[in-house]
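Keep the structure open and follow along.

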Amino acid sequence: MSKQFDVVVIGGGPGGYIAAIRAAQLGFNAACIDEWKNDKGGPAPGGTCTNVGCIPSKALLQSSEHFEHAGHGFADHGISMSDLKIDIAKMIGRKDSVVKQNNDGILYLFKKNKVTFFHGRGSFVAAKDGGYEIKVAGAAEETITAKHVIVATGSNARQLPGAPFDEVNILSNDGALRIPAVPKKLGVIGSGVIGLEMGSVWRRLGAEVTILEALPAFLGAADESVAKEAAKVFKKQGLNIELGVKISSVENAASGVTVKYTDAKGAEQTLAVDKLIVSIGRVANTIGLNPEAVGLKLDERGAVVVDDECKTNLPNVWAIGDVVRGPMLAHKAEEEGVAVAERIAGQHGHVNFNTIPWVIYTSPEIAWVGKTEQALKAEGVAYKAGQFPFLANGRARALGDTTGFVKFLADAKTDEILGVHIIGPMASELISEAVVAMEFKASAEDIARICHAHPSLSEATKEAALAVDKRTLNF
């Protein structure tokens with residue numbers, strides 16, 4: 001007889017494991033199925049984020065930033081360095097250790113919250129007796145049943161036609177995280193989050209990095225003023241970013257990769273590199289899910305079709321995270337996971353897409369929430385803008401990093417905050433104040449009147465809020 005559960009989650013990434021834990025906390029008999037393996041074949045829950053995404057990339061970004069500071073920034077503090085070296089194997093080993101700590105932490109949380117964990121690939125078998133049969137294909141195959149199923153199978157890196165990933169020369173985010181030695185020349189196709197972060201890691205360590213972007217505008221999703229500042233800073237750092245290119249061909253040989261493309265002016269160009277990172281987006285992962293067995297509806301992109309509450313076309317089947325519509329962000333998946341578990345319990349789980357923050361962990365960091373200035377103009381919304389540079393912030397001067405600014409956008413009549421955009425030190429942390437403020441529909445004046453610690457980078461947010469009404473305290 002198969003094991004029976006109230007809630008079974010297929011996928012143990014940020015959305016999946018959080019959904020299973022929250023379901024268990026709400027009193028359900030919950031299980032989570034995940035197939036990720038570590039190098040010894042053991043379970044490695046956490047999905048793309050923990051294993052080959054958010055967590056390992058931040059570990060490498062931190063290591064490479066330490067290296068760059070030691071080589072270029074310590075002298076300003078009176079700290080002398082000689083014979084500076086980087087041990088890539090040790091750096092990768094530290095990254096792997098950080099990943100394992102997170103894997104083990106998730107397994108501990110499952111045990112603590114009484115979530116049953118199955119290591120293997122989960123797939124639909126059939127609808128049965130008001131529930132669903134789910135096959136777990138692991139070391140041993142078994143079938144379990146569930147009243148509710150939450151699909152949280154995540155996404156996969158999109159391949160460039162004619163240039164499949166071999167994770168040796170042509171790399172996805174996975175291969176980009178474990179390059180064994182600093183390449184002399186590194187190519188990156190795509191200037192999104194992954195491309196910029198991975199390009200930054202290897203540029204800091206000594207690679208000559210060229211980023212090829214098909215779109216004519218840089219960081220089109222970001223506020224234009226932030227994008228312009230970022231492009232200027234990255235160019236100064238040594239990242240060569242070409243926009244408006246059209247890839248003609250990619251040739252992969254033992255000696256490296258040759259990319260032929262047409263530049264923005266229509267001229268034919270050739271780029272020869274040792275390694276090529278392809279970061280042109282991600283696609284929903286439904287491989288092996290067997291949705292046709294139960295009639296689960298997918299859209300033309302292969303994503304699971306859901307409504308505003310993450311309900312699929314099937315009763316008691318839900319889907320969250322990268323495998324559904326919306327931004328492919330780990331924290332968005334987490335929020336949906338909690339919300340769905342609460343909806344199953346008859347509560348009113350809520351996810352506000354308007355206050356989901358975006359972060360790019362380059363140096364300077366880039367973060368934003370809400371509307372961009374160009375979006376407000378296109379929508380015909382009357383707004384006020386305020387901006388304050390970190391150059392005028394005392395804490396930023398003390399840190400030795402005065403790059404960038406904070407920008408507030410507020411409704412011209414009500415002063416409600418419509419968007420906040422930051423480029424500069426610790427932007428990933430500073431943006432949370434804006435998220436909280438917008439969730440409570442705060443005005444720019446509310447932020448301006450809150451006491452911020454001095455000296456702190458957060459004073460720049462206060463100053464930007466003040467600047468909305470053309471005021472300043474000029475800390």
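Find Trp202 and look around: leaving out residues up to four places away in sequence, Trp202 touches Ile88, Met91, Ala176, Ile179, Ala181, Val182, Pro183, Leu186, Ala207 and Val209 (touching means heavy atoms within 4.5 Å). Bear in mind that this is a predicted model, where local features need pLDDT of at least 70, side-chain atom pairs count only at pLDDT 80 or more, and totals for chains, interfaces and linings use all residues. Residues are numbered from 1 along each chain as its sequence is written, and side-chain values use heavy atoms, with hydrogens and water left out.

Trp202 also turns up in the largest nonpolar core, which has 35 residues; Trp202, Leu219 and Ile366 have the most contacts inside it. A nonpolar core here is a set of buried Ala, Val, Leu, Ile, Met, Phe, Trp, Tyr and Cys residues joined through side-chain atoms within 4.5 Å, and buried means under 20% relative accessible area (1.4 Å probe, protein chains only). Among the elements giving two or more residues to this core are α3 (54-73), α4 and α6 (193-204). There's a second, separate core too, with 30 residues, including Val420 and Met438.

Now for α4 (residues 88-112) and its partner α1 (residues 14-25): they pack at an angle of about 20°, with axes 10 Å apart. That makes α1 roughly parallel to α4, a word used for angles under 35 degrees. Tyr17, Ala20 and Ile21 of α1 make the contact with Ile106, Leu109 and Phe110 of α4.

Conventions
Axes fitted to C-alpha atoms, helices over the stretch in contact; angles between N-to-C directions. Helix = DSSP H or I, 4+ residues; strand = E, 2+ residues; numbered from the N terminus. Parallel < 35°, antiparallel > 145°, perpendicular 65-115°, else oblique. Buried < 20%, exposed > 50% of the residue type's maximum accessible area, 1.4 Å probe, protein only.
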